[in-house]
Amino acid sequence: MRNGMKSIIFKINQKDTTSKARTGEIRTPHGVVRTPNFCAVGTQGTVKALDGQDLQNIGLDIVLANTYHLHIRPGEDVIDAHGGVAAMMDWNGPTMTDSGGFQVFSLGVALEQGVGKLLRENDDTVAKPRLNKITEDGVHFQSHIDGTPLFLSPETSIAIQEKIGADLIVAFDDLESPKYDYKETKRSLDLTEKWLIRSKKAHKRGDQLLYGVTHGGSFEDLRIESAKTNDKIFDAIALGGAHSSKENMYDVVRWTVDNVDENKPKHMLGVGEIDDIFHIVELGIDTFDCVIPTRVARMGWYFVYPPEGNPKNRFRKDISKSLNSSVMEPLSKDCQCMVCQKYTKAYIHHLFKARELLGYRLLTYHNLAFYADLMSKIRESIENGNFESLKKMWLE
RNA sequence: GCCGAGUUGGCGGAGUAGUCAAUCGCACCAGACUGUAAAUCUGGCACCCGUUUGGGUUACCCAGGUGCAAAUCCUGGACUCGGCA
């Protein structure tokens, strides 16, 4: 059954008349992902604070988990024994796994051969760079949990992802730091391209759709080269990298989309904020994943609809502010989610002040419902030919 | 009534002559967060001035005192808490 026919199909339904936005669907053995859509991030096999039933009730189509984290624990064999991540977490729908390439970057890497070392600015509080070796063969590094030596390569990442059993999986890539100069970025891209070919070769399961990953930093010619290479190898394309600015990120999307078969599904890795989603859907991207709605929820932030929400406040507010202490209103006026039907700001404020677990759950639920609803509004607007006006209404 | 202990910033609680505007925790305020080492992290928290180094004022129950110097020592007072009657 694992080597059966390709069972994942992407189909475009409706193209926007004034932009590259389109609606479509990715049909997987576990269900349909209506696009454009947003993947809830469940790195460790759980969307933090929620269970599978919640995800269902929220109306999400797909959840993204992480190869590196799940490999370290509980291990792909345990997941396989459950019948895959989705079954393990009682999520009755499609899933995607990221390859672990990002963790090699985000956990702090100093590259061999002087290729450079990572680190987004202002981020030195997060990670002490670990001297991990990246070789052409793969990446040697240590578990962030107990220091166990680990090795990740295109072959091991794909093998792990096949066992984890998501419907959509991602090729193993090397992440360039935004600080790299052209030469360093080019060297990283060359390595990624070798790894992409090996990832493709290693992938055996026909019931999973393997995404390539584009790189090339902020450089137009490298991005174009990467897009073309990916387009030759893969039936689905993910856009990778750590972007230094929104403007450049949007350029990167343009350069990439222009050089990839429009009929292939395109995923924007790790993005984004509300404005990013509008801008990038408009440029022809079909799916996103981002930690923002879930992480930010645990920090007390909840999303609000326009006009209260706008690009300036990034459509979010902080429930822990004392001005919420006796507000007998839902989080966001026009929100139809379960949380907004049942609970007041005053109550959720209290939950956060008391650090009660329910607070994290309610804001996570609301934020994901907000994102799911936004995506649904975007799809509907594309179908109805008024994406542009929806975008204006939100962003202006 | 007698004996003993104590009174420090919103709270708890260090400090017991100079390096103290006062450790630390909580609370509070502000900020950060884009393929999750994140229910996390950073900063502020007497008042005033300065963009920074910094400067000034008022402060450790109250009132006096000693001393170059006091939250820290002495005297008196107020209040609190134990033990004995």
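Strand β9 (residues 149–152) has a covered face made of Leu150 and Leu152, and an uncovered one made of Pro149 and Phe151. Strands here are DSSP runs of E with at least two residues, helices are runs of H or I with at least four, and both are numbered from the N terminus. The partner of β9 is strand β8 (residues 139–142), paired in the antiparallel sense over four bridges; two strands pair if DSSP finds at least two bridges between them. Phenylalanine 141 stands opposite leucine 150 in β9. Six residues lie between the strands of this hairpin, and in it glycine 147 takes a positive phi near 80°.

A word on the model: it is predicted, so local features need pLDDT of at least 70 and side-chain atom pairs count only at pLDDT 80 or more, while totals for chains, interfaces and linings use all residues. Residues are numbered from 1 along each chain as its sequence is written, and chains are lettered from A and ligands numbered from 1 in the order in which they are written.

## The barrel

Let's turn to the barrel. Eight strands close it, in the order β4-β5-β6-β10-β11-β12-β13-β14, with parallel pairing. From one strand to the next the twist averages 30°. Such angles run from 0 to 180 degrees between N-to-C directions, and axes are lines fitted to C-alpha atoms, for helices over the stretch in contact.

Alanine 238 stands opposite histidine 267 in β13. Helix α8 (residues 220–233) packs on the sheet, where it touches β11 (209–214) and β12, and its direction makes about 165° with that of β11. Contact between two residues means that their C-beta atoms, placed from the backbone, lie within 7 Å.

## An enclosed helix

Helix α6 (residues 154–164) is largely enclosed by the rest of the structure, because eight of its 11 residues are buried. A residue is buried if 20 or more other C-beta atoms, placed from the backbone, lie within 10 Å of its own, exposed if 12 or fewer, and partly exposed in between. The buried residues are Pro154, Ser157, Ile158, Ile160, Gln161, Glu162, Lys163 and Ile164. Just after α6, glycine 165 has a positive phi of about 80°.

Helix α13 (residues 345–353) and helix α14 (residues 357–383) have axes that come within 7 Å and cross at roughly 130°. The two are therefore oblique to each other, a label for angles that are not under 35 degrees (roughly parallel), over 145 (roughly antiparallel) or 65 to 115 (roughly perpendicular). At this contact, Ile348, Leu351 and Phe352 in α13 meet Leu358, Gly359, Leu362 and Leu363 in α14. These residues divide into six nonpolar, one polar and no charged, with Gly counted as polar.

## Backbone points to check

Most residues other than glycine have a negative phi, and most peptide bonds are trans. Arginine 355, in the loop between α13 and α14, has a positive phi near 55°; this residue is exposed, with 8 other C-beta atoms within 10 Å. Aspartate 90 has a positive phi of about 55° and is found in the loop between α4 (85–88) and β6 (95–98). This aspartate is exposed too, with 12 other C-beta atoms within 10 Å.

A cis peptide bond joins arginine 73 and proline 74, with omega about 5°. Proline 74 sits in the loop between α2 (67–72) and α3 (76–82). Proline 306 and proline 307 are also joined by a cis peptide bond, with omega about 5°, and proline 307 lies in the loop between β15 (301–303) and β16 (316–318).
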